[in-house]
Amino acid sequence: MIEVLSDYELDLMRKAGKLTAVILSELRKAAVPGASTKDLDDLAMQIIKEAGGSAPCLGYGEPPFPAAICTSINEVVVHGIPSRKVILKDGDIVTCDVVAELNGFMGDAARTFFVGNVKEETRLLVERTKEAFFKGLEKAQIGNRIGDVSHAVQECAEGYGYGVVRELTGHGIGRNMHEDPEVPNYGKAGRGPRIVKGMAFCIEPMITMGDRHVILGNDGWKVSAADGLPTAHYENTVIITENGPEMTTYEEGLNG
Ligand code: MF3
Ligand code: CO
(Lines give C-alpha, C1' and ligand atoms only; values in the text may rest on other atoms or scores of the structure.)
(Ligands and ions follow the chains in the order given, each with its own letter.)
Protein backbone atom coordinates (compact mmCIF):
# COMPACT_ATOMS: atom_id res chain seq x y z
CA MET A 1 0.00 0.00 0.00
CA ILE A 2 1.31 3.45 -0.88
CA GLU A 3 1.08 5.88 2.07
CA VAL A 4 -0.09 9.43 1.45
CA LEU A 5 1.33 11.85 4.02
CA SER A 6 -0.41 14.91 5.50
CA ASP A 7 1.19 18.37 5.36
CA TYR A 8 2.25 17.92 8.99
CA GLU A 9 3.88 14.57 8.21
CA LEU A 10 5.61 16.06 5.16
CA ASP A 11 7.11 18.68 7.49
CA LEU A 12 8.52 15.92 9.66
CA MET A 13 9.96 14.31 6.51
CA ARG A 14 11.70 17.63 5.79
CA LYS A 15 13.28 17.64 9.25
CA ALA A 16 14.60 14.08 8.93
CA GLY A 17 15.78 14.91 5.42
CA LYS A 18 17.70 17.96 6.61
CA LEU A 19 19.50 15.83 9.20
CA THR A 20 20.43 13.35 6.45
CA ALA A 21 21.75 16.20 4.29
CA VAL A 22 23.89 17.58 7.13
CA ILE A 23 25.41 14.14 7.71
CA LEU A 24 26.32 13.76 4.04
CA SER A 25 27.89 17.21 4.03
CA GLU A 26 30.14 16.22 6.96
CA LEU A 27 30.93 12.84 5.40
CA ARG A 28 32.10 14.52 2.21
CA LYS A 29 34.73 16.47 4.21
CA ALA A 30 35.77 13.32 6.10
CA ALA A 31 36.19 11.09 3.03
CA VAL A 32 39.95 11.69 2.63
CA PRO A 33 42.86 9.32 2.01
CA GLY A 34 43.78 7.52 5.25
CA ALA A 35 40.31 7.63 6.82
CA SER A 36 38.67 4.27 7.53
CA THR A 37 35.09 3.62 6.53
CA LYS A 38 34.38 3.01 10.22
CA ASP A 39 35.53 6.60 10.90
CA LEU A 40 32.78 7.72 8.50
CA ASP A 41 30.21 5.52 10.22
CA ASP A 42 31.21 6.83 13.67
CA LEU A 43 30.85 10.40 12.44
CA ALA A 44 27.37 9.76 11.05
CA MET A 45 26.26 8.03 14.27
CA GLN A 46 27.55 10.91 16.38
CA ILE A 47 25.58 13.51 14.39
CA ILE A 48 22.41 11.39 14.49
CA LYS A 49 22.69 10.96 18.29
CA GLU A 50 23.35 14.66 18.89
CA ALA A 51 20.18 15.46 16.91
CA GLY A 52 18.13 13.01 19.00
CA GLY A 53 17.50 10.69 16.06
CA SER A 54 18.29 7.07 15.28
CA ALA A 55 19.98 5.01 12.57
CA PRO A 56 17.44 2.57 11.08
CA CYS A 57 20.17 0.71 9.14
CA LEU A 58 21.72 -0.54 12.38
CA GLY A 59 20.37 -4.06 12.92
CA TYR A 60 18.28 -3.98 9.73
CA GLY A 61 17.66 -7.14 7.71
CA GLU A 62 19.24 -10.59 7.83
CA PRO A 63 22.06 -10.92 8.71
CA PRO A 64 21.51 -7.72 10.76
CA PHE A 65 23.35 -4.80 9.15
CA PRO A 66 26.06 -3.87 11.69
CA ALA A 67 26.40 -0.12 11.05
CA ALA A 68 24.57 3.21 10.72
CA ILE A 69 25.57 3.87 7.11
CA CYS A 70 26.69 1.96 4.04
CA THR A 71 30.15 2.72 2.65
CA SER A 72 30.73 1.27 -0.82
CA ILE A 73 34.09 1.68 -2.55
CA ASN A 74 34.80 1.64 -6.32
CA GLU A 75 33.18 -1.51 -7.80
CA VAL A 76 30.95 -1.91 -4.73
CA VAL A 77 27.56 -0.52 -5.71
CA VAL A 78 25.72 -0.52 -2.38
CA HIS A 79 25.59 -1.98 1.15
CA GLY A 80 29.33 -1.94 1.89
CA ILE A 81 29.85 -2.54 5.61
CA PRO A 82 32.03 0.09 7.33
CA SER A 83 35.23 -1.34 8.80
CA ARG A 84 38.32 -0.16 10.69
CA LYS A 85 40.35 -2.23 8.24
CA VAL A 86 39.03 -0.53 5.12
CA ILE A 87 41.13 2.59 4.53
CA LEU A 88 40.28 5.12 1.81
CA LYS A 89 43.10 5.77 -0.63
CA ASP A 90 43.85 8.39 -3.24
CA GLY A 91 41.87 7.74 -6.43
CA ASP A 92 39.04 5.82 -4.74
CA ILE A 93 35.39 6.73 -4.97
CA VAL A 94 33.26 5.98 -1.92
CA THR A 95 29.48 5.99 -1.80
CA CYS A 96 28.00 6.93 1.56
CA ASP A 97 24.35 5.92 1.90
CA VAL A 98 22.70 7.42 4.96
CA VAL A 99 19.30 6.79 6.54
CA ALA A 100 18.37 8.99 9.52
CA GLU A 101 15.20 8.79 11.59
CA LEU A 102 13.92 11.82 13.50
CA ASN A 103 10.53 12.11 15.23
CA GLY A 104 9.36 8.89 13.60
CA PHE A 105 10.11 9.83 9.98
CA MET A 106 13.08 9.11 7.75
CA GLY A 107 15.47 10.62 5.29
CA ASP A 108 17.52 8.40 2.96
CA ALA A 109 20.20 9.73 0.63
CA ALA A 110 23.45 8.68 -0.99
CA ARG A 111 26.40 10.44 -2.59
CA THR A 112 29.52 9.06 -4.25
CA PHE A 113 32.54 11.06 -3.04
CA PHE A 114 35.95 11.49 -4.67
CA VAL A 115 38.89 10.52 -2.46
CA GLY A 116 41.84 12.64 -3.55
CA ASN A 117 42.46 12.64 -7.29
CA VAL A 118 40.05 10.49 -9.26
CA LYS A 119 40.39 9.48 -12.93
CA GLU A 120 38.42 11.58 -15.40
CA GLU A 121 36.30 8.66 -16.64
CA THR A 122 35.32 7.82 -13.07
CA ARG A 123 34.45 11.45 -12.31
CA LEU A 124 32.20 11.48 -15.36
CA LEU A 125 30.44 8.33 -14.18
CA VAL A 126 29.67 9.99 -10.83
CA GLU A 127 28.48 13.24 -12.40
CA ARG A 128 26.29 11.48 -14.93
CA THR A 129 24.73 9.29 -12.25
CA LYS A 130 23.63 12.50 -10.55
CA GLU A 131 22.34 13.77 -13.89
CA ALA A 132 20.29 10.57 -14.32
CA PHE A 133 18.73 11.18 -10.89
CA PHE A 134 17.66 14.69 -11.94
CA LYS A 135 16.20 13.42 -15.20
CA GLY A 136 14.07 11.08 -13.11
CA LEU A 137 13.18 13.81 -10.62
CA GLU A 138 11.82 16.01 -13.43
CA LYS A 139 9.25 13.31 -14.13
CA ALA A 140 8.13 12.97 -10.50
CA GLN A 141 5.08 15.17 -11.10
CA ILE A 142 1.52 14.77 -9.89
CA GLY A 143 -0.43 12.83 -12.51
CA ASN A 144 2.65 11.11 -13.96
CA ARG A 145 3.50 7.47 -13.20
CA ILE A 146 6.48 5.90 -11.48
CA GLY A 147 7.44 4.35 -14.83
CA ASP A 148 7.98 7.85 -16.21
CA VAL A 149 10.65 8.41 -13.54
CA SER A 150 12.21 4.98 -14.13
CA HIS A 151 12.33 5.40 -17.88
CA ALA A 152 13.95 8.85 -17.67
CA VAL A 153 16.71 7.55 -15.38
CA GLN A 154 17.40 4.58 -17.66
CA GLU A 155 17.41 6.62 -20.85
CA CYS A 156 19.96 9.05 -19.44
CA ALA A 157 22.33 6.42 -17.99
CA GLU A 158 22.18 4.05 -20.95
CA GLY A 159 22.57 7.00 -23.30
CA TYR A 160 26.09 7.35 -21.90
CA GLY A 161 26.71 3.62 -22.46
CA TYR A 162 26.54 2.80 -18.75
CA GLY A 163 24.77 -0.13 -17.09
CA VAL A 164 21.68 0.26 -14.90
CA VAL A 165 21.57 -2.12 -11.92
CA ARG A 166 18.22 -3.92 -11.84
CA GLU A 167 18.48 -6.06 -8.73
CA LEU A 168 17.96 -3.04 -6.46
CA THR A 169 15.46 -0.21 -6.78
CA GLY A 170 14.34 3.01 -5.20
CA HIS A 171 11.44 2.73 -2.79
CA GLY A 172 8.70 4.50 -0.90
CA ILE A 173 9.78 5.90 2.50
CA GLY A 174 8.15 7.55 5.51
CA ARG A 175 7.82 5.92 8.90
CA ASN A 176 9.75 2.98 7.44
CA MET A 177 12.92 2.90 5.38
CA HIS A 178 11.37 0.73 2.67
CA GLU A 179 7.73 1.15 1.71
CA ASP A 180 5.70 0.86 -1.48
CA PRO A 181 6.08 1.72 -4.29
CA GLU A 182 9.20 0.24 -5.85
CA VAL A 183 10.99 2.84 -7.96
CA PRO A 184 13.13 0.94 -10.49
CA ASN A 185 15.86 2.71 -12.44
CA TYR A 186 14.64 1.14 -15.67
CA GLY A 187 11.20 0.69 -17.18
CA LYS A 188 8.50 1.93 -19.46
CA ALA A 189 7.02 5.42 -19.43
CA GLY A 190 3.31 5.52 -18.64
CA ARG A 191 3.42 2.38 -16.47
CA GLY A 192 3.26 1.83 -12.73
CA PRO A 193 1.55 3.65 -9.86
CA ARG A 194 0.19 7.16 -10.37
CA ILE A 195 2.09 9.93 -8.54
CA VAL A 196 -0.10 11.91 -6.15
CA LYS A 197 0.40 14.72 -3.62
CA GLY A 198 1.69 13.44 -0.27
CA MET A 199 3.74 10.56 -1.65
CA ALA A 200 7.33 10.13 -0.45
CA PHE A 201 9.87 7.99 -2.26
CA CYS A 202 13.56 7.63 -2.98
CA ILE A 203 14.96 7.91 -6.49
CA GLU A 204 18.38 6.26 -6.51
CA PRO A 205 20.20 5.37 -9.71
CA MET A 206 22.88 2.71 -9.20
CA ILE A 207 25.02 2.88 -12.32
CA THR A 208 27.92 0.77 -13.59
CA MET A 209 30.72 1.91 -15.88
CA GLY A 210 30.70 -1.51 -17.52
CA ASP A 211 28.27 -4.41 -17.50
CA ARG A 212 25.16 -3.99 -15.30
CA HIS A 213 25.42 -7.39 -13.60
CA VAL A 214 26.18 -7.54 -9.88
CA ILE A 215 27.27 -10.15 -7.33
CA LEU A 216 26.49 -10.46 -3.61
CA GLY A 217 29.46 -10.58 -1.22
CA ASN A 218 29.94 -13.40 1.27
CA ASP A 219 29.10 -11.01 4.14
CA GLY A 220 25.52 -11.25 2.86
CA TRP A 221 25.37 -7.51 2.08
CA LYS A 222 27.99 -6.09 -0.23
CA VAL A 223 26.75 -5.77 -3.82
CA SER A 224 29.54 -5.36 -6.41
CA ALA A 225 29.82 -5.02 -10.18
CA ALA A 226 30.61 -8.52 -11.49
CA ASP A 227 33.19 -7.08 -13.91
CA GLY A 228 34.99 -5.15 -11.16
CA LEU A 229 34.64 -1.76 -12.87
CA PRO A 230 33.67 1.39 -10.91
CA THR A 231 30.05 2.13 -10.01
CA ALA A 232 28.19 5.16 -8.68
CA HIS A 233 25.02 5.82 -6.68
CA TYR A 234 23.06 9.02 -6.14
CA GLU A 235 19.93 9.15 -4.01
CA ASN A 236 17.53 11.63 -2.49
CA THR A 237 14.27 11.34 -0.62
CA VAL A 238 11.56 13.11 -2.63
CA ILE A 239 8.17 14.31 -1.37
CA ILE A 240 5.37 15.27 -3.72
CA THR A 241 3.74 18.59 -2.89
CA GLU A 242 1.28 20.77 -4.81
CA ASN A 243 4.33 22.68 -6.07
CA GLY A 244 5.90 19.54 -7.52
CA PRO A 245 8.65 17.22 -6.32
CA GLU A 246 10.75 18.43 -3.38
CA MET A 247 13.99 16.80 -2.22
CA THR A 248 14.08 16.62 1.58
CA THR A 249 17.70 15.43 1.66
CA TYR A 250 19.23 17.96 -0.71
CA GLU A 251 20.32 21.49 0.02
CA GLU A 252 22.23 23.59 -2.50
CA GLY A 253 25.59 24.57 -1.02
CA LEU A 254 25.31 21.95 1.73
CA ASN A 255 25.20 18.57 0.05
CA GLY A 256 23.92 19.52 -3.39
N1 MF3 B 1 19.84 3.23 2.26
C2 MF3 B 1 19.57 2.04 1.55
C3 MF3 B 1 18.53 2.30 0.53
O4 MF3 B 1 18.69 3.22 -0.23
C5 MF3 B 1 19.24 0.90 2.44
C6 MF3 B 1 20.32 0.57 3.38
S7 MF3 B 1 20.37 -1.10 3.67
C8 MF3 B 1 20.77 -1.20 5.28
O9 MF3 B 1 17.54 1.65 0.40
F10 MF3 B 1 20.93 -2.41 5.61
F11 MF3 B 1 21.85 -0.52 5.50
F12 MF3 B 1 19.83 -0.70 5.98
CO1 CO C 1 19.77 4.82 0.71
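A cavity, on a 1 Å grid over the protein atoms alone, is a set of points where a 1.4 Å probe fits but cannot get out. A pocket is an open set with protein on both sides within 12 Å along at least five of seven lines. Lining residues have an atom within 4 Å of a point. Grid points are joined across faces, edges and corners, and a volume is the space filled by probe spheres set on the points.

By this rule, how many cavities of 30 Å³ or more are there? One.

Before the details, the ground rules. This is a predicted model: local features need pLDDT of at least 70, side-chain atom pairs count only at pLDDT 80 or more, and totals for chains, interfaces and linings use all residues. Residues are numbered from 1 along each chain as its sequence is written, chains are lettered from A and ligands numbered from 1 in the order written, and side-chain values use heavy atoms, with hydrogens and water left out.

Back to the cavity. The largest has a volume of about 40 Å³. Its lining is Ile-2, Glu-3, Leu-5, Gly-172, Ile-173, Glu-179, Asp-180 and Ala-200. By class that gives four nonpolar, one polar and three charged residues. For the classes, Ala, Val, Leu, Ile, Met, Phe, Trp, Tyr, Cys and Pro count as nonpolar, Asp, Glu, Lys and Arg as charged, and the others, Gly among them, as polar.

A cis peptide bond joins Asp-180 to Pro-181, with omega about 0°. Pro-181 sits in strand β7. Helices (H or I, at least four residues) and strands (E, at least two) are DSSP runs, numbered from the N terminus.

Now the largest pocket. Its volume is about 380 Å³. It is lined by 23 residues, and the closest to its centre are His-79, Leu-168, His-171, His-178 and Glu-204. Which elements give two or more residues to the lining? They are β3 (93–102), β6 (170–172) and β7 (179–183). The lining divides into ten nonpolar, six polar and seven charged residues.

Stay with His-79. It is found in the loop between β2 (76–78) and β3. Is His-79 buried, partly exposed or exposed? Partly exposed, with a relative accessible area of 22%. The cut-offs: buried is under 20% relative accessible area, exposed is over 50%, and partly exposed is in between (1.4 Å probe, protein chains only).

Asn-103 also has a positive phi without being glycine, near 55°. Asn-103 lies in the loop between β3 and β4 (105–114). It is exposed, at 52%.

Next, the helices. Helix α2 covers residues 37–50, 14 residues in total. From first C-alpha to last it reaches 20 Å, close to the 20 Å expected at 1.5 Å a residue. The expected span is 1.5 Å times one less than the number of residues. Buried in α2 are Thr-37, Leu-40, Asp-41, Ala-44, Ile-47 and Ile-48. Why the same side of α2? They cover an arc of only 130° around the axis. The arc is that of the directions from the helix axis to the C-beta atoms. On the other side of α2, Lys-49 and Glu-50 are exposed.

What do the buried residues of α2 pack against? They pack against α1 (7–30), β1 (69–73) and β3. Contact here means heavy atoms within 4.5 Å. Take Thr-37, buried at a relative accessible area of 1%. Leaving aside neighbours within four places in sequence, Thr-37 is in contact with Thr-71, Ile-73, Ile-81, Pro-82, Ser-83, Val-86 and Leu-88.

After α2 comes Gly-52, with a positive phi near 80°. The loop between α2 and β1 holds Pro-63. The peptide bond from Glu-62 to Pro-63 is cis, with omega near -5°. Ala-68 is found in that loop between α2 and β1 too, and is buried at 1%. Not counting residues up to four places away in sequence, Ala-68 touches Asp-41, Met-45, Ala-55, Cys-57, Leu-58 and Val-99.

Last, helix α3, residues 120–138. It has 19 residues and reaches 27 Å, close to the 27 Å expected. Its buried residues are Thr-122, Leu-125, Val-126, Thr-129, Ala-132, Phe-133, Gly-136 and Leu-137.
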